[in-house]
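We will go from the chain as a whole to its helices, and then to a few residues worth a look.

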Amino acid sequence: MDNASLLAVAMANQCKALIQKSEEADSDLQQALHPMHLLWMCQQIEDNAEELHPTKLHRWLGFVQCAMMANGMLDFEAAKTMFSEAKNAYGISDEDDDLVDHLDPASTFKLDIGGQG
């Protein structure tokens with residue numbers, strides 16, 4: 001499994017742990033943002049990391065983290081810390097700007113949504 005996929009799995013695991021121990025959830029949010037759906041998404045990331053493209057894994061992970069923020073389970077600084085902890089846990093030292101540029105509010109990172117050319 002490549003570094004990007006390993007990081008996605010590690011972060012999905014951390015998200016899952018936070019969701020499971022959190023009692024906070026905004027019931028006014030749509031169903032896709034509810035904790036049970038987020039836990040399912042985390043499990044899909046973990047179970048399918050070897051088959052799915054790392055970009056898809058990280059899109060799903062980004063959705064999970066944003067939904068956690070919407071539910072008050074996570075804030076921006078905690079999301080950045082989660083990435084650092086996962087990176088350190090797997091001993092990944094090479095910097096991949098595609099995985100961290102979205103964490104810098106001053107970055108004008110370019111989003112590749114696929115399907116072009």
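Among contacts in the protein chain with a separation of 6 or more, 66% are between residues 24 or more positions apart; contact means heavy atoms within 4.5 Å. What you see is a predicted model, in which local features need pLDDT of at least 70 and side-chain atom pairs count only at pLDDT 80 or more, while totals for chains, interfaces and linings use all residues. Residues are numbered from 1 along each chain as its sequence is written, and side-chain values use heavy atoms, with hydrogens and water left out.

**Overall picture**

The protein chain has five helices and zero strands, and its elements run α-α-α-α-α from the N terminus on. Helices (H or I, at least four residues) and strands (E, at least two) are DSSP runs, numbered from the N terminus. Of the 117 residues in the protein chain, 34% are buried. Here buried means under 20% relative accessible area, exposed over 50%, and partly exposed in between, with a 1.4 Å probe and protein chains only.

How confident is the predictor? The mean pLDDT of the protein chain is 81, and 75% of its residues reach 70 or more; pLDDT is the predictor's confidence in each residue, from 0 to 100.

**Helix α1 and its buried residues**

The end C-alpha atoms of α1 are 27 Å apart, which agrees with the 27 Å that its 19 residues should span at 1.5 Å a residue. The expected span of a helix is 1.5 Å times one less than its number of residues. The buried residues of α1 include Leu 7, Cys 15, Lys 16 and Ile 19.

Which residues does Lys 16 contact, leaving aside its neighbours within four places in sequence? They are Leu 39, Cys 42, Gln 43 and Glu 46.

The C-alpha atoms of His 58 and Leu 7 are separated by 8.8 Å, although the two residues are 51 residues apart along the chain.

| Residue | Relative accessible area |
|---|---|
| Lys 16 | 15% |
| His 58 | 18% |
| Cys 15 | 0% |
| Cys 42 | 0% |

The structure holds zero disulfides, a disulfide being a pair of cysteine sulfur atoms within 2.5 Å.

**Helix α4**

Helix α4 (residues 76-89) has 14 residues and reaches 20 Å from its first C-alpha to its last, close to the 20 Å expected at 1.5 Å a residue. Its buried residues are Ala 79, Met 82, Phe 83, Ala 86 and Lys 87. Seen down the axis of α4, these buried residues fall within an arc of 125 degrees, so they line one face of the helix; the arc is that of the directions from the helix axis to the C-beta atoms. The face turned away from the buried side of α4 carries the exposed residues Asn 88 and Ala 89. At the start of α4, a side-chain oxygen of Asp 75 comes to within 3.3 Å of the backbone nitrogen of Glu 77.

Key: Polar contact = N/O pair within 3.5 Å; in protein donor to acceptor, adjacent residues only side chain to side chain.
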